Amino acid sequence: MVGIFGVGGIGKTTFAKDIYNRISDQFVGRCFLSNIKERSKRQSLIELQKILLSEILGKKLDIYDADRGVNVIRERLRSKRVLLVLDDVDELDQLKKLAGDRTWFGLGTRIIVTTRDQQLLKYFEVDDSKYELKLWDDNEALRLFSLHAFKKDEPLDEYVELSKQVIEYAQGLPLALTVLGSDLKDQSKHQWERALDKYKSIPHRDIQSVLQISYDGLEDKEKEMFIDIAFFFNGESLAEIKKIFESCDFFPDYGIDKLIKKCLITIEGEYVWMHDLLQDMGREIVRLESPLEPGERSRLWFHKDIRGVLEESMGTNKVAGMIIEMPKGEDAISLNSEAFSQMKRLRVLIVRNASFTSGPNYLSNELRVLDWFEYPLQSLPPNFHGKKLIIFRMSGHSLIKELSFIKYSIKFKDMTIMHFHDCDFLTKVPDLSSVPNLRDLDVERDVQ
């Protein structure tokens, strides 16, 4: 086993991918399980075990329990020489459930783990095979910056001094070098000088503030897409994200391409990913919209802010999206029944890990995404018609009993995804002929 550790943005994933691509054809099975930290926020370890087995074995297996998943991995892979990369691990349980012991795999297996926390690597006693990636020196930094700014490994003659000044503000961090180089590509010397003036105004050369200058150069709708991805859609399907952005008139074909070219997002397979340093930057941009009044911000995600807004009914028309993920063991949210009534522009509502003492009596008809774990009522509010919904998910033993808002007289032309997982009281799905573009209907119930 090899452990690769270092600060965020240092290039751990890129380094691991390079190794993987060079040697993967030497193994009978291979899997690069990327972005485990981010995936774990929306997928269980069971789902990650399924992905691991599917990629190595080439077929899907049914697993309903993480401990059973451990046994399946051990039984199916103990005679196979595999290459496994576990990227961005941040909890010990992830390692224990995905590659808990070297004896699970055949002789010659290689396991690579990337993490910011080298303490996690001690579990596997990989002291002799730990590699710390460190900040780049000036020569390395100038080369990487030049590859993105000029598509060559050194600056153009007239930009040499300007380039050396710019890389000082990246502090040897590959992510920052990549973003700054992509942002300045094809810009005039005058534009470079203006950018340098902005960098110089940043106190203590705060790296997030340096990265934000690339964000500041976006058009308004491109900024909306960047922020939405940072809050709600990191790791989600590109096709789904485009559909949502199209319905909001954000022109995603052009805007997402711009975000890619500026290296603010990446596309891996069919999914959109954003580095967590950039994600944190997006959250900070929104926090500064109203530092003292969370209900005046455009998006909400921090659990203490959300509890205050929902219990005291402090939300406003400015709130466009909310993702609710409460820490384990938190008390139920004493939802004020009027909590959502002022959020007329709310278009994304995701509840992943929270319980409520009561349910809402109003939800915005601007919602494009309604994804609620353990919905606390038998029906949606009477005002809600959901004509603009694209993704509608209920899960986790929700109390939902009827979907009376889905009527033949109303066309849900945008809705493409409808999932009901463990909705024990939902015994009937209505006539879906009014949902002509539905392509993913998933109804599951826990047989246990």
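**Salt bridges, cavities and surface features**

Asp-93 is partly exposed, with a relative accessible area of 32% (buried means under 20% relative accessible area, exposed over 50%, and partly exposed in between, with a 1.4 Å probe and protein chains only). The model is a predicted one, with local features kept at pLDDT of at least 70 and side-chain atom pairs at pLDDT 80 or more, while totals for chains, interfaces and linings use all residues. Residues are numbered from 1 along each chain as its sequence is written, and side-chain values use heavy atoms, with hydrogens and water left out.

Asp-93 pairs up with Lys-97 in a salt bridge, their closest N and O atoms sitting 3.1 Å apart (a salt bridge is a side-chain nitrogen of Lys or Arg within 4 Å of a carboxyl oxygen of Asp or Glu). Lys-97 counts as buried, at 15% relative accessibility. Asp-93 and Lys-97 are 4 residues apart in helix α5 (residues 92-99), which means that about one helical turn separates them (helices are DSSP runs of H or I with at least four residues, strands are runs of E with at least two, and both are numbered from the N terminus). Side chains of opposite charge can pair when their charged atoms come close.

Lys-242 is partly exposed, with a relative accessible area of 25%, whereas Asp-253 counts as exposed, at 53%. Salt bridges that share partners join Glu-38, Lys-41, Arg-42, Glu-236, Glu-325 and Arg-352 into one network.

Glu-236 and Arg-352 turn up again in the lining of the largest cavity. Searching the whole structure gives 2 cavities of 30 Å³ or more, and the largest cavity holds about 90 Å³ of space. On a 1 Å grid over the protein atoms alone, a cavity is a set of points where a 1.4 Å probe fits but cannot get out, a pocket is an open set with protein on both sides within 12 Å along at least five of seven lines, and lining residues have an atom within 4 Å of a point. Points are joined across faces, edges and corners, and a volume is the space filled by probe spheres set on them. Other lining residues of the largest cavity include Phe-232, Phe-233, Ile-350, Asp-371 and Arg-393. At least two lining residues come from each of α11 (220-233), α12 (238-247), β10 (348-353), β11 (369-373) and β12 (391-395), with α12 giving the most, 3 residues.

As for open space, the second largest pocket has a volume of about 1100 Å³. Its lining takes in 42 residues, of which Gly-11, Thr-13, Thr-14, Leu-175 and His-275 are the closest to the centre. Helix α1 supplies the largest share of this lining, 6 residues. Elements that each supply at least two residues include α1 (12-23), β3 (82-89), α8 (174-184) and α14 (276-287).

Val-429 sits in the loop between β13 (417-421) and β14 (440-444) and is partly exposed, at 32% relative accessible area.

Lys-151 is not a glycine, yet has a positive phi of about 60°; Lys-151 lies in the loop between α6 and α7 (160-170) and counts as exposed, at 62% relative accessibility. His-397, also not a glycine, has a positive phi of about 60°. The loop between β12 and β13 holds His-397, which counts as partly exposed at 42% relative accessibility. Most residues other than glycine have a negative phi.
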